[in-house]
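This report covers the spaces inside one protein model and the ligand that goes with it. Please look over the structure before reading on.

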Amino acid sequence: MSAHCAPFKRMLKRITSDLKLCVPCSWLHCTVGFSHGRVSVNTQLERVMEPRRFLQHSSQRHSTNQTMDAIARVKRLSIEGNIAVGKSTFARLLSNAGRNWEVTPEPVSKWQNVEEAISQIRQPVPSPQQTASNLLQMMYQDPKRWSYTFQTFSCMSRMRTQLQPPPVRLLQTRDVAVQMYERSIYSDRYIFAQNMFELGGINSTEWAVYQDWHSFLVEQFGPKVQLEGIIYLRAPPQTCMERLTRRGREEEKGIQLDYLETLHKQHENWLINKSTKVHFEHLKNIPVLVLDGSLEFESDSEMQTKFITEVTNFLQEL
Ligand SMILES: Nc1ncnc2c1ncn2[C@@H]1O[C@H](COP(=O)(O)OP(=O)(O)O)[C@@H](O)[C@H]1O
Ligand SMILES: Nc1nc2c(ncn2[C@H]2C[C@H](O)[C@@H](COP(=O)(O)O)O2)c(=O)[nH]1
């Protein structure tokens, strides 16, 4: 396919999916705002239920089409890599590169306080005791009990992130606009959930249930949760171990090198050897940019420029 054809095809695919699933939704996201707050969720529901009321003027329909075009033009990628390899650090570098690149961090704080995370989305249920469940800690302390629960919550939070429309800044630009996510609903399954199943933290029934709803959701949301590319920040597990120790996140104190080695293998199988069985067509031949995460780029501006150039070149090929 020619370089001119690919964005057009992508745009068509996303518009068709928007029309099928929720035209007013995508319009609403861009005209009312991107909040997950209660007000916009309610407004969103009204608009889904009464689309004609909201799209009655041709000028509005015109602006809807423009918005959908703008959304379709944004390229979406995920940044993948082992724990503490440097994804957040690399994401900050990209965010500060002065391009139309937006990087959404992994929602770790939501996993560290489940009730708080949920209350930001829905009306909290009044309870005599205000609890704060740190699901990340619970998962590391008792993986057999909590891994499945963790994967449902992590995948839900990633799903929400990937369904968010791009910020207005990206929709308004005429240049190449890129939305990147730190990890994705795909690494949730093909790295972590799979690894937990292989290590015995998730049993075969839980694994079957996880895969069933994961496939169902990805198929239902279709192009809305698809990616155009992946950046794999790759480093030896030993390097990740050293960085993890240096970072000193409380919940990760018990992590051993062999856990990072199993995760490294999962990354290699999925993104390098391509031996992981993936279940979604668009993911089978997805372009992967492999970057050497062991390089210490934080205080090396030459290396930073090199990384940014590599990403820029990769994006041009998508
Ligand atoms: N390229 C790098 N070279 C040296 N140290 C790094 C590099 N990238 C990250 N670090 C350090 O490693 C630790 C983990 O980095 P972080 O970006 O939080 O990893 P991740 O988001 O992948 O878990 C932090 O202390 C960070 O300062
Ligand atoms: N069991 C799982 N653990 C996960 C998943 N996603 C992230 N994590 C853990 C790994 C780290 O301790 C922490 C944040 O990861 P970083 O690499 O960004 O530091 O959360 C998952 O899907 N399952």
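## The second largest pocket

In this predicted model, the second largest pocket has a volume of about 690 Å³. Its lining is made up of 33 residues, and Ile-83, Ala-84, Val-85, Gly-86 and Arg-247 are the closest to the pocket centre. By class, 15 of the lining residues are nonpolar, five are polar and 13 are charged.

Several helices take part in the lining of the second largest pocket. Helix 6, helix 7 (108-112), helix 9 (135-141), helix 10 (143-163), helix 12 (185-199) and helix 14 each supply at least two residues. Helix 6 gives the most, with four residues.

## Ligand 1

The second largest pocket is the space taken by ligand 1. Around the ligand are 16 residues, of which Lys-87, Ser-88, Thr-89, Arg-247 and Leu-295 come nearest. This shell consists of seven charged, five polar and four nonpolar residues. Helix 6 (87-95) and helix 14 (237-247) each supply at least two residues of the shell.

Which protein atoms lie 2.7 Å, 3.0 Å and 3.2 Å from atoms of ligand 1? An N or O atom in the side chain of Ser-88 is 2.7 Å from an oxygen atom of the ligand. At Ala-84 the backbone is involved, with an N or O atom 3.0 Å from a ligand oxygen atom. Arg-243 has a polar side-chain atom 3.2 Å from a nitrogen atom of ligand 1. Taken alone, ligand 1 exposes 560 Å², and the protein buries 87% of that area.

## Cavities

The model has two cavities of 30 Å³ or more. The largest cavity has a volume of about 50 Å³. Its lining consists of Thr-104, Pro-105, Glu-106, Pro-107, Arg-158, Thr-161, Gln-162, Tyr-181, Glu-182, Arg-183 and Ser-184. Helix 10 and strand 3 (178-182) each supply at least two of the lining residues, and helix 10 gives the most, with three.

The lining of the second largest cavity divides into three nonpolar residues, four polar and one charged.

Notes:
Residues are numbered from 1 along each chain as its sequence is written. Chains are lettered from A and ligands numbered from 1 in the order in which they are written. This is a predicted model: local features need pLDDT of at least 70, side-chain atom pairs count only at pLDDT 80 or more; totals for chains, interfaces and linings use all residues. Side-chain values use heavy atoms; hydrogens and water are left out. A residue is near a molecule or strand if one of its heavy atoms lies within 4 Å of it. A polar contact is a pair of N or O atoms within 3.5 Å; within protein, one must be able to donate a hydrogen and the other to accept it, and residues adjacent in sequence count only if both atoms are side-chain atoms. Accessible areas come from the Shrake-Rupley method with a 1.4 Å probe; for residues, only the protein chains shown count as cover. On a 1 Å grid over the protein atoms alone, a cavity is a set of points where a 1.4 Å probe fits but cannot get out, and a pocket is an open set with protein on both sides within 12 Å along at least five of seven lines; lining residues have an atom within 4 Å of a point. A molecule sits in a cavity or pocket if more than half of its atoms lie within 2 Å of its grid points. Ala, Val, Leu, Ile, Met, Phe, Trp, Tyr, Cys and Pro count as nonpolar, Asp, Glu, Lys and Arg as charged, and the others, Gly among them, as polar. Grid points are joined across faces, edges and corners, and a volume is the space filled by probe spheres set on the points.
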